[in-house]
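Trainee: I would like to go through this model step by step. Please show it to me.

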2 protein chains.
Amino acid sequence: MSESDERDARHRVRMLRKKAVIDGRIAQARDEYGLLLVHTGNGKGKSSSAFGMVARALGHGIRVGVVQFIKGAASTGEEAFFRRFPDEVRYHVMGEGFTWETQDRQRDRLKAAEAWQVAVSLLRDPAIGLVVLDELNIALKHGYLDLEQVLADIESRPLLQHVVVTGRGAPDELIAAADTVTEMSLVKHAFKAGVKAQKGVEY
Amino acid sequence: MSESDERDARHRVRMLRKKAVIDGRIAQARDEYGLLLVHTGNGKGKSSSAFGMVARALGHGIRVGVVQFIKGAASTGEEAFFRRFPDEVRYHVMGEGFTWETQDRQRDRLKAAEAWQVAVSLLRDPAIGLVVLDELNIALKHGYLDLEQVLADIESRPLLQHVVVTGRGAPDELIAAADTVTEMSLVKHAFKAGVKAQKGVEY
């Protein structure tokens with residue numbers, strides 16, 4: 001083989017290797033993108049499943065943001081646990097002392113809007129790989145947030161960021177926008193048989 | 001009031017207080033007991049929801065045992081994360097290197113039986129407040145474990161211990177024995193639209 005032939009061969013190998021790298025990057029860009037998941041229905045496990053995903057993400061070294069749109073006993077366990085990892089999980093609960101029972105729609109809207117601002121800050125941070133918007137559907141159902149604005153903010157998040165929205169009664173537009181929608185249905189519930197809510201299971 | 005009347009009055013107060021304590025204990029004994037939960041169906045979130053409950057339990061200072069009856073990529077995130085807490089979580093994955101694809105039923109049964117022995121050790125330990133039997137339904141479906149024995153072992157666990165069984169195709173007898181059964185149904189799935197499994201979401 002002449003010196004020139006050798007050079008050509010080396011070049012071809014180099015170029016093929018380069019092409020493989022570039023093709024790989026293209027394939028990766030196409031394959032890896034952040035999913036929008038919705039957990040809805042009247043059954044249990046909508047929020048638990050989202051918090052299971054938080055554990056999974058942390059296991060992969062992915063940073064997580066959580067906004068809980070209902071402050072209540074139902075979340076004290078997860079909150080206490082995930083607040084142990086302030087460097088890995090940004091955890092926000094809407095409106096200290098806030099309840100939906102105030103019947104003060106003006107105040108409710110204000111608290112929901114504040115919580116959404118926190119959500120937006122997470123949805124604009126490419127360092128956050130997973131955002132959990134727990135019980136967002138309830139806030140949407142009550143009309144405390146503008147659905148179009150919420151969808152637009154979710155849509156314009158970083159390419160690789162996953163978002164999970166939980167809560168019964170997910171609006172059709174959110175379901176349409178989602179990549180994966182799971183409906184949790186109640187087959188049988190201990191509560192209905194008169195059993196008290198159990199720590200570690202129900203809250 | 002005579003000395004005798006005073007004594008009677010004190011006695012009555014003491015007895016009422018005692019009765020209140022005893023009634024309280026009875027109420028507690030009736031109210032607080034470990035639940036058997038089943039997560040089944042073809043949708044997502046069966047295992048994630050169980051792992052969300054693990055986080056919730058840990059937030060309450062409850063010790064947890066996990067046995068995964070399928071070793072696979074689907075669980076690497078949770079496993080990596082929860083193995084960070086060896087004092088709080090006893091984490092066992094069935095059969096190192098084991099797959100259901102071996103078609104070696106003899107070996108499969110053996111591995112399943114070994115995993116069940118680990119499960120039984122958790123189900124006999126009152127210090128463990130929550131036991132997750134992840135994908136146990138698959139092992140039952142394949143006939144790798146004796147359903148009656150499994151139900152008997154679960155039934156005879158400590159009074160306050162919660163158990164979560166996950167996996168599609170939960171047998172009717174397990175559903176009958178459960179306190180709470182949730183069916184996760186697929187409404188829409190990114191996979192079906194040709195999207196690759198995403199780290200932190202799917203596994």
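Some questions and answers about salt bridges and strands follow.

Mentor: This is a predicted model, in which local features need pLDDT of at least 70, side-chain atom pairs count only at pLDDT 80 or more, and totals for chains, interfaces and linings use all residues. Residues are numbered from 1 along each chain as its sequence is written, chains are lettered from A and ligands numbered from 1 in the order in which they are written, and side-chain values use heavy atoms, with hydrogens and water left out.

Trainee: Which residue of chain A meets Arg56(B) in a salt bridge?

Mentor: A salt bridge is a side-chain nitrogen of Lys or Arg within 4 Å of a carboxyl oxygen of Asp or Glu. The N to O distance for Arg56(B) is 2.6 Å, and its partner is Glu78(A). Arg56(B) lies in helix H2 of chain B and the partner in helix H3 of chain A, so the pair joins two chains. Helices are DSSP runs of H or I with at least four residues, and strands are runs of E with at least two, numbered from the N terminus; the residue asked for is Glu78(A).

Trainee: Is Glu78(A) buried or exposed?

Mentor: Buried means under 20% relative accessible area, exposed over 50%, and partly exposed in between (1.4 Å probe, protein chains only). Glu78(A) has 1% relative accessibility, so Glu78(A) counts as buried.

Trainee: Which residue in E6(B) is the bridge partner of Thr40(B)?

Mentor: Two strands pair if DSSP finds at least two bridges between them. Strand E1 of chain B and E6(B) run parallel, joined by 4 bridges. In E6(B), the partner of Thr40(B) is Glu183(B).
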